[in-house]
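Please look over the sequence and the model before reading on.

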Amino acid sequence: MKKKKVIGIIVAVAVVGGSAVGGAYAYKSYQAKKLVAQVQPVSDLIWGYWGDSATSYGMVTNDSSQEIYLESSKSVKEVYVEEGDEVAVGDPLMEYDTAELQIDIERKKLEIKNLENDIAVAQHELEKMKNSKPVDKTPPSIDTNKMQELEKQDAERNQISALDKVDNRIYNYITEGALPYGAVTDAEGKIVSPLGTKEDPYIYYCNANAFVYGSFYNSVRFTEGKNDGKYVIFRICKKDAEGKMVTVKKPSATGEMVEEPVVDTTIANHEVIFDGGGIPASYEAGTAWHIFTGKEYVPPTSLADKYMEEFMEHATDWREPEGYTVEELLKLIPEKESRIKELDIQRRQQELQLEKMQKSVSDGIVYAEVSGVVKKVGDPQGYQSSSEPFLVLTGDEGLYVRGTISELLLNDIAVGSVITANSWESGMTFDATITEISDYPIGGNQWGEGNPNVSYYAYTAYIEDSSALRNGEYVDLSISTNQSEKEGLFIEKAYVRQEDGKAYVMIADEKDKLKKQYVVTGRTIYGNAIEIKSGLSKQDRIAFPYGKNAVEGASVEESLNINY
């Protein structure tokens with residue numbers, strides 16, 4: 001049966017194929033005219049962006065130090081200093097076994113390569129999400145309103161009364177206990193007249209589509225071994241314009257004039273006779289047959305049952321579609337972008353470590369980064385714990401200050417970069433040179449203001465001309481950088497969709513109709529906002545590009561608050 005349905009559908013498609021394309025476009029255009037999308041001015045959706053902070057503050061100190069930690073995989077070839085030695089910047093402190101260091105470098109390169117692969121995979125998944133069309137994963141469900149309406153229609157169709165509504169002498173269907181025309185009954189309701197014989201038969205006047213239940217046949221057929229069956233005649237009654245029985249007056253056996261119904265002889269099979277024993281098989285009470293055609297009576301098909309069968313067939317074949325819903329995309333895209341950011345930070349950390357390792361691989365020597373005194377030197381043979389520094393060098397002249405920089409500035413700031421320090425007490429300005437930048441981010445920007453959504457790295461800077469500063473004094477720190485851009489148009493990324501590698505927004509045109517507008521995008525900030533370089537202005541109005549109303553040609557109306 002299922003295959004027949006499929007074939008029928010294919011044939012239907014073939015028949016209407018010539019007009020399907022034009023009809024689809026016309027229907028789509030008609031549907032678009034009925035849709036209304038809510039739009040907002042771009043000026044209300046702009047994210048404020050004032051660049052990434054390059055300022056912090058710190059306390060001036062003269063106890064800057066250099067701490068060297070050993071890893072269990074490395075071995076020390078020679079130590080050149082002892083505790084109490086005075087050293088200057090650039091003096092050799094110790095030397096690693098370069099053979100082992102080269103192995104560590106190759107291992108570090110492999111770690112970086114793995115991180116790059118992870119980033120590439122995550123970026124591919126992110127691009128796939130951005131370009132994917134949202135799907136509806138709502139399982140099929142019964143339309144209860146439709147079901148109730150169909151059940152109501154079924155009830156109306158099945159309300160067939162046994163007797164004709166216009167003339168109750170005419171039968172629509174006959175059951176056990178139905179009385180023949182002109183019947184006389186006793187006090188118990190049993191038929192006294194007619195007798196049900198061939199000479200005095202039971203006569204039932206019916207409509208053309210009348211049917212008889214098996215319970216009636218069983219009540220009038222003979223009992224086995226007895227000749228007690230009833231002689232029954234079914235006739236189609238002729239009806240007048242009002243739907244009532246047509247009768248004529250005829251003399252009875254006694255000569256009395258009586259009314260007799262007229263048979264509708266215009267119908268070929270207008271009379272059927274049952275002699276009380278002509279049915280070869282036993283009839284059950286629920287079995288019903290059309291009297292004048294001899295066919296089994298089939299009640300009208302239940303519309304509710306048919307709807308339920310179609311629903312169950314669809315529900316059985318339904319499978320959750322692959323892809324993402326609108327809600328999943330709004331959740332997964334920021335998560336994937338955050339994951340890429342984490343992997344990128346890890347990669348840059350590893351690259352910084354690799355850079356330091358490569359600088360020392362030529363001779364394996366670790367040099368002093370500050371001028372000062374060696375406070376501690378461990379025993380290379382007995383050194384076990386990596387939680388304690390192996391060698392400690394503290395500064396003995398000049399002043400140092402510690403500040404922070406955003407991860408976004410790591411490519412622009414390096415050891416040797418000059419920063420500006422401004423005294424809180426005197427207001428005087430000093431130059432300081434960065435001597436060290438941490439390989440690892442700190443927990444929050446502990447030394448200044450800045451973007452809370454990025455990581456910060458601590459740095460140490462040396463103030464050579466420190467005659468006007470004192471130990472413990474606080475200073476403001478600033479770094480000259482071209483990163484603090486105040487221009488640019490940034491909006492929520494959820495308003496930008498991708499199509500064939502191109503970004504677009506849904507914009508209201510001059511006729512207040514929704515259309516697709518391609519844009520050129522730039523940076524992503526705070527993980528959730530994207531820069532629009534061209535194709536969109538603050539004066540434009542845009543709609544959330546997902547949902548059934550976000551189609552080209554839909555009418556638009558302005559809303560102060562769009563929930564998506």
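This is a predicted model: local features need pLDDT of at least 70, side-chain atom pairs count only at pLDDT 80 or more; totals for chains, interfaces and linings use all residues.

Residues are numbered from 1 along each chain as its sequence is written, and side-chain values use heavy atoms, with hydrogens and water left out.

The protein chain holds six helices and 30 strands, taken as DSSP runs (H or I, at least four residues, for helices; E, at least two, for strands) numbered from the N terminus. Of its 564 residues, 36% are buried, meaning under 20% relative accessible area with a 1.4 Å probe, protein chains only. Among contacts (heavy atoms within 4.5 Å) with a separation of 6 or more, 75% join residues 24 or more positions apart.

A nonpolar core is a set of buried Ala, Val, Leu, Ile, Met, Phe, Trp, Tyr and Cys residues joined through side-chain atoms within 4.5 Å. The largest has 27 residues, and Ile491, Val496, Ile532, Leu536 and Ile542 have the most contacts inside it. At least two residues of this core come from each of α2 (98-131), α6 (326-361), β26 (502-508) and β28 (529-534). Another core, of 22 residues, lies apart from it and includes Ile405, Leu410, Phe430 and Tyr457.

Gln498 belongs to strand β25 (residues 497-499). Gln498 counts as buried because its relative accessibility is 16%. Beyond neighbours within four places in sequence, Gln498 contacts Glu127, Lys130, Asn131, Ala503 and Tyr504.

Conventions:
Buried means under 20% relative accessible area, exposed over 50%, partly exposed in between (1.4 Å probe, protein chains only).
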